[in-house]
Each structure stands twice: as structure tokens, then as C-alpha cells.
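Me: I am new to this one and would like to go through it step by step. Could you show it to me before I start asking?

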Amino acid sequence: MSSETRDGRRDGRIVIVGASLAGLRAAETLRDEGFEGELTLVGDEPRLPYDRPPLSKQVLLGKAGAEDCGLPGRRALDARWRLGVSATGLDPAGKSVVLADGERLPFDRLLIATGTRARPWPVPGEAALEGVFTVRTSDDADRLATALDAGPRRVLVIGAGFTGSEVASACRERGLEVTVAERGRAPLIGALGGTVGDWATKLQRAHGVDLRCGVTVTALKGSGGRLTGAEFSDGSRLEADVAVVCLGAVRNTEWLADSGLAAGPRGVACDAGCRVFTMYGIVTDDVFVAGDVARFPHPLFEYQLIALEHWGNAVAQAEVAAHNMVSPGPLRRPHLAVPSFWSSQFGLSVKSVGVPTFSDQVVIAQGSPEDRRLVAVYGYRGRITAAVTVNRAKWLEHYQRLIETAAPFPPGPGAADRLADLEPVPSDVPDPRVLTHGPTVALTGHLPDRRLTLIRPGG
Amino acid sequence: MPSPSLSSSPSPSPSPSSSPSSSETLFRRITDYAHRADPYPLYAELREHKVARQEDGKYLVGTYDEIAALLHDPRVSSDVRNRTEPDPALLPPEGLPPAFIGRDDPEHDRLRRLAMRPFGPPHSPGRVDALRGDITRIAEQLADGLRDKERFDLVDDFAFPLPVTVICDLLGVPSGDIPQVHTWADTVVTGLDFTPGEDPGPRRRAAQEARAAMGLYLGELAEKRRRQPTGDMLSALANDGGPDGQLTQEELMVSTVLLLIAGHETTVNLITNGMLTLLRNPEALERLRAEPELMPRAVEELLRYEPPVQFLPQRTPLADIEVAGVTIPEGVPLVLVLASGNRDPLRFPDPDRFDPDRKDNQHFGFGSGIHNCFGAPLARLETQIALTTLISRLDGSRLLEDPPEYRNSPVLRGPRHLPLAQAQR
């Protein structure tokens, strides 16, 4: 251990910018791994780290309060918390982070974990109408839950990705009328492709959602500062008291604009060990990144730089980044975790492993869409790259194994609960540009679908 | 059709004329009562082969990764009706469907979900935890009854009455019926035994009859509860439905027979093996006496070290499955030796050491995958409370026999009796 002490890996100053899931888990891992130096966490929200998945589920149903979602700590941290202040700049040469209140935080090593924020409605005047919401922070969810408590006559959900679908589900469970507008041809199509998207269409309609696909909301209308309704690209109009803007996320990288790092709208690019690249593609050794804001190469997906807005990725990547921050070269680890996520909506549990959009074909390997249970397996050029289960999460481990071993697609015969006549079909992953909502998995390399390179910031 | 990859198997291909190689007799030796007290060297031998074809066509798997893969593989059936040569011992009684432990998706899922409604999340998240007070009270009463005895049998005087009282109460079986229920359960479990060289016919017929009688008994009890619910699981199963409807009367019978038997024998063995292990490891015992908050982790280690279900004899591949370079053919009996996987040195460092502090301990003590032990939360709670109570109330216990006399079953392995002596104060 003496050599590690000599090169300063177990002492010195570490600053973590971003005090949510990734930042917290990284801090805990640093202490677990014997880091004894100064540790500072910077968060732009005034709260201690909290868990976001319940915000679009239990909180909107009134089953849990937004303030009850604090993340449990794994251990004591002995850290300095700078909450309620955002980082506005990074001086890589002087090795310091500049905060909005003017403070400069010097560091020996830095972890960037600034995550994402909700993409706002593009017209500020309309976005400011009372009754227009986004769902990203605890306060967002608290405000929206209160608005739903008031019993609006109709809720308009703009964008049918996971967040939009979960919001629509919560509204229906509360007995509220809800309209979902999605520019793509089906809900969830951006993350799961058209085959599963078609199933989600039927699901939402069966639950009484007024689902309108292939349209965009062209204007939000208000009167006296209150939302009254919306206009659609097909010329139709809708009256609504509440609109929930679910357009996906924007990566919080603006503060790094002058840092010389490879940071931009797609995230902060890093190597397999979470070390950030400079704008010239040269890897740094004192700046690391983890969580939603990171773009990292994944060997299972042909080393494309991928960015994942997944809870599990934030934890796993934070742990790897923290380990590498306090470990000498030969002991460093790559971040290789297979991506996975879950959602619950309309009484169903949806879980996924792999990257469903990294696919050209999909097959229903088990279950049947009509019976509220299925396993959809995705393939790309003859190997299995992802699986999505509905109420069948216990099989995921098997399919994860197939993904990790690049098993041939389609999977062989013999699985229990398999309908014999189902053949692989195109997975029908759309060009993200045609979607209302941004993708939660951004494949930013050049395969398998070149159009995927054209993800752009802004509405 | 010969399977090409069989020839690459580490064990030589079987031929009827030659005498079987030693790896082909592993199952015979594991089930031989002579090895009941310590089957672990045989498991180590099994792990050298990873997959070992047996003289009778069974396939044994004993390494952690391979077992994990097969437990999660949807091509591995738990329904013995998928065997090319059905094993009458494992079939349900005439006219009754198999319980969910012996079914595959989607029926397994529906039946298990219905049985879970009154027992655990999402519909009854507080059920098991609400039993904490009752379990503690029963454990303390039983332990207090032992304090003044110079010698006692841990099985009959503690490890058996505790979980049986709890499961009967939970299901809604009147305490007066417990002796009859116990006789049936014992007969059913005996019917599952593998005794080399013995005609299993009579034993198995008796087991089928006991199973049927138990089913009728529970069916009638459920009828009573249907008219007069009493807040127990039987009442809930008989009266409450969800989106899947209700269990049919037959499904209710076989499901509750399963819960009663499974909630019976396994926990008895876990508690008894636990006390045996702690008495063999006095340092661990002293540590747990001083720091009872370590008990949950110690029970996990116990589940790894002495799992109450040693192997799963019911699995059958629905297609040819390649495991560690060996093709296990469709329709053959596939035996997953969980207790061997739990001692795999590739997964657990120093696996033959009982380490109550062990971390990263994802053992197979409750299996894994869709058939993962239904009653695991209850078994954990009972064993944590049982061992904590025993070691705090009884100090100075010592083993009178080591190894003790074991039950016959190689699957539900545990001491038949565990005679202990106490230093008198």
C-alpha cells in the first residue's frame, strides 16, 4: 500500500460534481476503498441525494411523498457537501471547479456526475403557463402530484417514452382522463422498437389512454397564465388543465464548455475506465465521469460510445470510476456492466437487459403479448444483444448470459412457454429524430444504424 | 442419435458392457446412506467433472456457474412429465396435477403468484414480518423448557416443533391436527428417498397415498374456511382472487400440501444443521452470542455451508443443452447438486470453512431462478430467531454424538436426532 500512498491515490482532494445517485455511490466507494483525503460533493439541488425512479410512479400515485425518496447511505462519508449551488466551470490547468457563488474548489482528482435534466418545452412563454410540468426532480414530482390531486379534467402527456408512459399510467390509475401525444408511431418505440411499441399501443388504449401517435403538439394554449389546452400538428385541438412535458433529457455539460474536455450535448466521453477524454481525444488521468452524463465505449456494442440513463448503470459506473480514482494503473477495472433498466406501468413490470436499440431483429421468445407476459429477444447480425421482459423478470439472467456470450440469434428451441409459430421480425428501431421524446439510450457511434449518429440537442 | 459433443466429455463414454467408471457412480454413492454425514468429498469429486453422466443415464451438475446457468435456463423443465422415461416416484397422485414446484411457465407462474398473494409482496408485504413476535415467543418457550434438562434432543424438542407450529398456524391447520399432518409429511418425504438396491415401490405408494390424504384434508379445511374465514392463508386462498381468478379446488389442494411439507422438513434441518455447525465451530458461536446482530449473515453462510436441500432431482432439459462442453440430451433426468455448487472454490474462497462473516455470499441455499424457495423469507426469519434464542438461553451445550444419526434422505439432509447435554448450573 505504500506505493499508493506515495503517488497520492489514497489522500489528496477529490471533488465530485453531482450529488445524486452516481455521486453518492462514488463517494461511498472511495471511502470503502480507503480514500482518506478531503472529499467534497457539489449538488445544484438543495437536497441530499434522492432516488428518482419512484418520482414518476409511487409519488404520482400518492403512495409515497416526494420528500420520502431519500437515498439510503451505505456508510458514513466524512464529506463536505456543497448543496444548492451549481458548478459553472472547470479550470483543467489550475485543477479547480468554479461554483456559481464564486467559490473555487481545488482538486487532485475530479468526478463529473452532473447527470441530465428534463428537456423543457421549447417555447418559454408556454412552458411558464401554470399547469405545465416536467418530471425530473423531487420538486417537479411533488408539484405534479399536487396538481393531479386537484382532479384535473384532462391531462396531456407530451412524449410517450418511459417517463411519459409512466405518467399516463399513474393518471389512469387515479381515474384521470389522459391524452398522450407522440410523434413516433407507438409508445416506447424509441427504446424498444416497433414490435414492442405496437404492444404498448394496445396496452395504453386498453387502459383508456387517448393515445395519439404520429402527431406533434404545436402549441400550448393558456388564458390568464393558466394552461387551457393544446393544438396538434393535424389541426386538432384539446382542452387540458395539466400538460406533462416528457421530451427526454438534456445532459448537464454546459458548465464544461470551456474546459477543453470532450463534453457536449451527447455527454462527456470517457475510456472504459471512466477517464474523461480531452477535446483532442487524449485521455486524462485526473478527471473521471459516471452516470447519465457519461459516454463510454462498451465492448458488447462494438465499442460505440453509449450513454445510458439507467439507475443500475449510474451505480455500477460510479463504483468503477471511484475504484479507478484511487487505484494504480494495473489494478484499474473497466466498466463492462450489461445495461439494464426497469419500468412499471399499467400494472405491468417491464425490465430490460442489453441495448434493444442495438438490433435489427426481434422475436417473442417466451410468453404471449395477449396474456400480459412476454420475453422479447433482440438480435443484431445474428447475435443476441438485448432482451425485454414484461412480468417475466426472473428469466432476464438467462438472457443476460446469452448477451454476454454473444449467443446466436434467434435463441434455440425448447424454452418453456414459447409459442411455436413466432419468427423473428425486424426490430423496427426508428430514427430518433421522428420521436417526440429523446432516447434514454443514446448510441452515438456509427453502427448499427447510421441515422443514430444524428441525435441533436434542442427540441 | 449420438451426440457429437458427448465424446468430448471429460468422463469416458458409457458402454453397457464395461463396468462403470467412478464418476458414473457418483449419484449412487451420494445417495448411499454411508455418506450421509459427510457427502462433501463426493461433491468435490463431482466438481472435477462439472457434468457427470451416470450409469443410469442421469446427468449430475455440481459446479456453481453451470448450476446457475441451468437454474435460469428456460429450456430446463421442472415438470417430470417431460422425461423421456417418466419416473413414477416423482409423479403426483393419480388425478391430481403437480404442484407449482413441478410445473413450468406459464402455469407455474400463475399458481405461484396466486399462492404468493396471501404470503408476500406485492399483496401481503408485511405477512412474514408480522410473525416475528409469535416465532420469538414460541422459540423462547421451547428453549426455556430445555434449560433444566441435563440432556435433550434438539430435533424433537425444538427444531421440529418451532417451524411446524408456525407453518400450521400460518396456513390455518388446527394445532390438534399437527400429529396427523406430521405423519403424512414424513411419509411423503420418505417417498422421495433414493435408497440404492431397495425396491422403492411400497414406499412410493405410501407416499402417494399420504399426499392424497393430506390434499383431501386440506381441501376440506379450505371448504370450512370458505364459509368461515379465519384470517389465515387457507382462508385467503379459498376466498380471495386477483386478476388471475382463484385456485381451483385441486390446485388449492396440491399447492397447500406443497407449502405444508416444504414449510416443515427443510426448516427443521436448517435449524438443526445450524446448531450442529455452531457447536462444531465454538468461536463462531461465541461471536454470535456476543454480537447477535451478525446472525442474519451467519444464517446465509449456513444456507451455503449446510443447505437444507442438497440437490434438485426433478429437472429435465426440453432441448439438448450444452453445459461446460457436454451436451445434456433432451428428456434425461438432470440433477443439480446445489450443495456442491455452494462449495465450489471457483465461486467461494475457502469454501469448506464456515465463515459467519462471509461477504458476496450468493448461495444456492434457496435455489435460484423462477423456482427460488417460496418460503425463503419465513425460513430465514425462523432460523435467525431460533439460533439466536438457543445460543442466548442455552450456554454450555455440547454434542453427545458427532456425527449424529442422519435422516435417510440425501435431498432433505439433516440429523434425525441431535442429542445435546448441558452443563448444570
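Predicted model: local features only at pLDDT ≥ 70, side-chain atom pairs only at ≥ 80, totals over all residues.

Me: What are the domains of chain A?
Reply: The assignment gives domain 1 (2–117 + 250–331), domain 2 (120–247) and domain 3 (340–437); such bounds come from an automatic or database domain assignment. The C-alpha centres of domain 1 and domain 2 of chain A are 31 Å apart. In chain A, 14 residues of domain 1 are in contact with 16 residues of domain 2. The side of domain 1 of chain A that touches domain 2 of chain A comprises seven nonpolar, two polar and five charged residues.

Me: Turning to chain B, which residues of helix 12 are buried?
Reply: In helix 12 (residues 282–290) of chain B, the buried residues are B:Ala284, B:Leu285 and B:Leu288. A residue is buried if 20 or more other C-beta atoms lie within 10 Å of its own, exposed if 12 or fewer, and partly exposed in between, with C-beta atoms placed from the backbone. Helices (H or I, at least four residues) and strands (E, at least two) are DSSP runs, numbered from the N terminus.

Me: Why do those buried residues line one face of helix 12 of chain B?
Reply: Seen down the axis of helix 12 of chain B, the buried residues fall within an arc of 100°, so they line one face; the arc is that of the directions from the helix axis to the C-beta atoms. They pack against helix 11 (249–280), helix 13 (295–305) and helix 15 (376–393) of chain B. On the other side of helix 12 of chain B, B:Pro282, B:Glu283 and B:Ala290 are exposed.

Me: What about B:Arg289: where is it placed?
Reply: B:Arg289 is in helix 12 of chain B. B:Arg289 counts as partly exposed because it has 14 C-beta neighbours inside 10 Å. Leaving aside neighbours within four places in sequence, B:Arg289 is in contact with B:Ile391 and B:Ser392.

Me: At what angle do helix 8 and helix 11 of chain B pack?
Reply: Helix 8 (residues 178–191) and helix 11 of chain B pack at about 85°, with their axes 10 Å apart. That makes helix 8 of chain B roughly perpendicular to helix 11 of chain B. Axes are lines fitted to C-alpha atoms, for helices over the stretch in contact, and angles run from 0 to 180 degrees between N-to-C directions. Angles under 35 degrees count as roughly parallel, over 145 as roughly antiparallel, 65 to 115 as roughly perpendicular and the rest as oblique.

Me: Which residues meet there?
Reply: B:Val181, B:Ala185, B:Val188 and B:Val189 in helix 8 of chain B meet B:Leu260, B:Ile261, B:His264 and B:Glu265 in helix 11 of chain B.

Me: How many residues of helix 3 of chain B are buried?
Reply: Six of the eight residues of helix 3 (residues 64–71) of chain B are buried. The cover over these buried residues includes helix 8 (396–404) of chain A and, among elements of chain B, strand 2 (59–61) and helix 14 (338–341).

Me: Where is the cis peptide bond that involves B:Pro106?
Reply: The bond from B:Asp105 to B:Pro106 is cis, with omega near 5°. Another cis peptide bond joins B:Asp402 and B:Pro403, with omega about 0°.

Terms used. Residues numbered from 1 in each chain as written. Chains lettered and ligands numbered in written order. Contact = placed C-beta atoms within 7 Å. Nonpolar A, V, L, I, M, F, W, Y, C, P; charged D, E, K, R; others polar.
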